[in-house]
Amino acid sequence: MESDLLREQISNMRQSLFVEEILEYQFLQLEQLQDNENPNFLQEIMTLYFRESPKTIAIIDQALEEHFNFPGLYKYLHQLKGSSASIGANKVTKEINQALECFKEGDIQGCKGAVQRLKQEHNILRNRLQSYFQLLRQIKIC
Amino acid sequence: MGAEVDHICPTGMSGGSAEGNDKSEGFRLRPPKCLGRPYHNGGVCQIIQTGLLRSYGVETEVVETGEAVVELIASGATFNLIIIEMLLPILNGPETVRQIRAMGAQGKILGITTFFDERDQQEFLAAGADEFIEKPLSPEIVIPIIRGLDN
């Protein structure tokens, strides 16, 4: 009974992530890649992403503060976009796209704004996924 | 790209389904070989890309730089599919493609980038790549390519 309730909670949580467009289609691909040979693939990938992405974001932040024309900025925005898009982080990726567009046009304020929103979306994603994986772990124990 | 959310079946949750194994069935006879070359491996991109290809039965080899790709091809290794990133440190994507085509590499070459740019696309295709796509690598892209290789 308790596990039914848990499953429903998990299902709802998952559905919300897609309905709110926090995650998109690509995330489903990751779920598909999880199988008997890689039973923890999803969680491992997410752990890796949230270990690396904050570092990249910090570099981007610092670059924007100090030196807008820092050539590394472009490279790090690209890197962040690549990994975010690969895990299906929809809103995060959209803000990175915004930042890249602004960067191309030399719009430093626009770029800073996009990076602020990017950080917010990144935090939201992390919190939501943490809760989601917590429940998933619980159901494995049930 | 908004997700069609009607009724998503949480396949990841049902403990161990056999569904995942059927995918590679059609390709087991002659597994296509793919050479992937990730730039600045934050790891995530490359792991997912490799995972996707391997789930379709593709033998995958990953190297770090454009130079390494060139060396590998020069050493006589052959691949049905080579995926090359746009942004590479010294020998960039298109230049890598040029060099391996010049050495006679015949496989399908796919240029991949994080942020689509028409000039990048032109550069890649002019260098001898067959296709140019924006990440992430998805089944929609991979499956037709693998089918094409199988023929």
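Buried means under 20% relative accessible area, exposed over 50%, and partly exposed in between, with a 1.4 Å probe and protein chains only as cover. The model is predicted, so local features need pLDDT of at least 70 and side-chain atom pairs count only at pLDDT 80 or more, while totals for chains, interfaces and linings use all residues. Residues are numbered from 1 along each chain as its sequence is written, chains are lettered from A in the order in which they are written, and side-chain values use heavy atoms, with hydrogens and water left out.

**Exercise 1. Work out how covered helix α2(B) is.**

Step 1: Find the helix. α2 of chain B covers residues 44-55; helices here are DSSP runs of H or I with at least four residues, strands are runs of E with at least two, and both are numbered from the N terminus.

Step 2: Check its length. The 12 residues reach 16 Å from first C-alpha to last, close to the 16 Å expected at 1.5 Å a residue (the expected span is 1.5 Å times one less than the number of residues).

Step 3: Tally the cover. Nine of the 12 residues are buried, so the helix is mostly covered.

Step 4: Look past the end. Just after the helix, Gly57(B) takes a positive phi of about 80°.

**Exercise 2. Find out which residues Leu137(B) touches.**

Step 1: Set the cut-off. Contact means heavy atoms within 4.5 Å.

Step 2: Skip residues up to four places away in sequence, and the list includes Gln49(B), Leu52(B) and Leu53(B), along with Ile83(B), Ile112(B) and, from the other chain, Gln26(A).

Step 3: A nonpolar core is a set of buried Ala, Val, Leu, Ile, Met, Phe, Trp, Tyr and Cys residues joined through side-chain atoms within 4.5 Å. In the largest one, with 62 residues, Leu137(B) is one of four that touch the most other members, alongside Ile87(A), Leu125(A) and Leu129(A).

Step 4: Note the separate second core of 20 residues, which includes Leu35(B), Val70(B), Ile82(B) and Ile109(B).

**Exercise 3. Describe the setting of strand β3(B).**

Step 1: Five of the five residues in 81-85 are buried, so the strand is largely enclosed by the rest of the structure.

Step 2: Sort the faces. Leu81(B), Ile83(B) and Glu85(B) lie on one side, Ile82(B) and Ile84(B) on the other.

Step 3: Find the neighbour. Five bridges join β3(B) to the parallel β4(B), residues 108-113 (pairing takes at least two DSSP bridges). Glu85(B) has Ile112(B) as its bridge partner there.
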